[in-house]
Amino acid sequence: MAVVVVAPRRATPLALALLFLLSASLIAADASAAANSSFVLAAEKTRRKDPLDGLRYYTGGWDISDEHYWASVGFTAAPVFAAAAVWFVVFGIALFLAGCCFCCCPSGGGASYSRARLAVTLLLLLAATAAAAAGCAVLYDGQGRFHGSTAATVDYVARQSGDTVANLRGLAGFLETARAAGVGPFTLPEDVKGRIDGVVRKVGDAADVLAARTSSNAAKIRAALETVRKVLIVVAAAMLILAFLGLVFSLCGLESVIYVLVFFAWILVAGTFVLCGTFLLLHNVVGDTCEAMGEWVAHPQARTALDDILPCVDTAAATEALDRSKEVNYQLVATLNAALTNVSNRDFPPGTPPPLNYNQSGPPVPPLCNPYTPDLRDRACAPGELTLDAAPQAWRRYVCSTTGGASGAETCATPGRVTPAMYEQMAGAANVSYGLRHYGPVLVALADCTFVRETFGNIGGEHCPGLSRYSGQVFRGLLGAAVGVVVAVLLWVVHARERRRRREAREELVMMMVAAPPYKLPPVEERAFLQSPARRYI
C-alpha cells in the first residue's frame, strides 16, 4: 500500500515543475501560499517592486502560487510592454496623420535642400540598419542556442523519468516473480502473496501513469519549443528583410513605398516589443526557478513554498514502502532456506517417496544469506551463508544428474543434493531476492524525493546556466532588432524626404535654365558710334 502513495505523487509534481521551468506558462497552483514557511526560496533574487502592494518590495520569495510573485516578476518587463503600447498607439496616430497629409496635401516644394542633412541622414540610416541586422543575428543565434538548451533539459528529465518508470516496472516484475517463487512445495505464505498482488497492481499503475504523463508533457513542451523557434526565426528574418528594403527604397527616394513599409514596420515592431517583454519575463522566471531549486536542494528538511507543489516530507510512506519490500524479501529467502534445510540437506531413510527423497547425497548445500532479521532490520551474513549475487554460481557444484521419471519426481543418479529443476527454482529465488534488495532504496528515493532532488540539482548545475544565458540572449536580440528598426523607420522617412527635396531642387534648376531667354547685347546705334570722340592710339 505504501507504493500506492509514493509513485503517483511524484509523477505529477515533476511534470508540473518541468512545464513551469521550460515553457514559462503561468501555472495556477491550487495550493494556498505557504505564508508560514520557515525558509524563503530565492529571497534576494525575487526582491522586486510589487505593483499590487503599492510598489513595495515583494519579500515572499519564489512561490508560483502567490499572485504577488507574478506581479513583481511581471513588473520587471513592464517597461518593455509599455514601450510596445506607446509605439503602437503614438506611432499609429502619427502614421495616420502623415498618411492623411500625404494624400490630401501633397508637398509642393518650398523646403530647403541641404547636402549636409542628406549625408548625415544617410550615415545614420546605415548605422541603424547595421544595428537592426546585428540584433537579428544575435536573435537568430540566441534562438538556436535556447532551443538546444531547453531541448536538452527536456530530454534529460524525460530520461530520468524513463529510468524511474523502468525501476517501477522492474520492481513490479520482481514482486510478481517472488509471488510465484519457491522450491518444490515450499512457497510464500498466502497472506504475503495477497499483499504482493496489491502492490504489483499499484506499482504498475503508477509506472503507466508516470510514463504517459512524461510522454505527453514532453511532447507538448517540444511542440511549444518548436513553435517558439519558428516564431523567432520568422521575426528575425522579417526584421532583417524589412530593414534592408527600407534602406534600398530610401536610397531610391520612393516615399510612397516607404510609407507602405512603415505601416508593416509599425505592426512588426509592436509584436517584437511584446515578444521582447515575454522573453524578459521568461528570463527572470528561469533565473528565479533555478535559484529556488538550488536552495531547495541545499535545504531538504526546510519547509518551503515548493512543498505546495512537490510535497516530499513523507517519512512514514517511505518507511512502509521499504518495510514491504523487506518483508517479501525476508519471506522469500526464509522459504528457500527452509527447502534446503528440510529437504535437500536431509538424508531420508530408504523408501521415502519423492519429492522428499530423490536420492540426494554429498556435502550439504550452503544456505542463502537473509539480508534481514524477522523484525526487518539489516542483518550481516553468518559464516557459511552465500550472498545473493554469489549463490547461483556456488550452487552449481551441488547439482546432480537425474534419471527420467514422472513429472516432479526426478531422482539423482550422481552425487548431489539439488536437481536441475530445483536449481532453477533456487537461482530464480536468489535473483528475485537480489532484485528486491536493489529496488528497495529506489522506492525510498521516490518516496522522500531524493530522486527529484538529484534531478533538480543536475538541472541547476548543468542546464540552468544555459537556459538563463540564452533566454537573455534572445531578449537582447529582440530588443536590439526592435530599437534598430524603430530608428531606421524614422530615418527612412527623413532620408527619402531629403532625396525628394534634392530631386525637386535639381528639377527646378533645370526648368529655370530651359525657360530663361538667351542673353542678347543691347543694339548699338551707328550714328552715336560715329559721333563719339576719337581717341588717339599711342
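Both Cys290 and Cys464 are buried, where buried means under 20% relative accessible area, exposed over 50% and partly exposed in between (1.4 Å probe, protein chains only). The structure is a predicted model, in which local features need pLDDT of at least 70 and side-chain atom pairs count only at pLDDT 80 or more, while totals for chains, interfaces and linings use all residues. Residues are numbered from 1 along each chain as its sequence is written, and side-chain values use heavy atoms, without hydrogens and water.

**Disulfides**
- The model holds 3 disulfides, a disulfide being a pair of cysteine sulfur atoms within 2.5 Å.
- Cys290 is joined to Cys464 with an S to S distance of 1.9 Å; the torsion about the S-S bond is about -85 degrees, so this disulfide is left-handed.
- The pair links distant parts of the chain, 174 residues apart: Cys290 is in helix H6 (residues 255-298) and Cys464 in helix H10 (residues 450-515); helices (H or I, at least four residues) and strands (E, at least two) are DSSP runs numbered from the N terminus.
- The sulfur atoms of Cys400 and Cys412 are 2.0 Å apart in another disulfide, and both residues are buried.

**Cys369 and Cys381**
- These two residues form a disulfide with sulfur atoms 1.9 Å apart, left-handed at -100 degrees about the S-S bond.
- Cys369 is buried at 3% relative accessibility, whereas Cys381 is partly exposed at 40%.

**Annotated spans**
- An unreviewed UniProt entry lists residues 118-140 and 258-282 among its "transmembrane region" features; UniProt positions follow the numbering used here, feature names are shortened, and annotations may be inferred rather than shown by experiment.
- Residues 118-140 are 100% helix, with end C-alpha atoms 33 Å apart.
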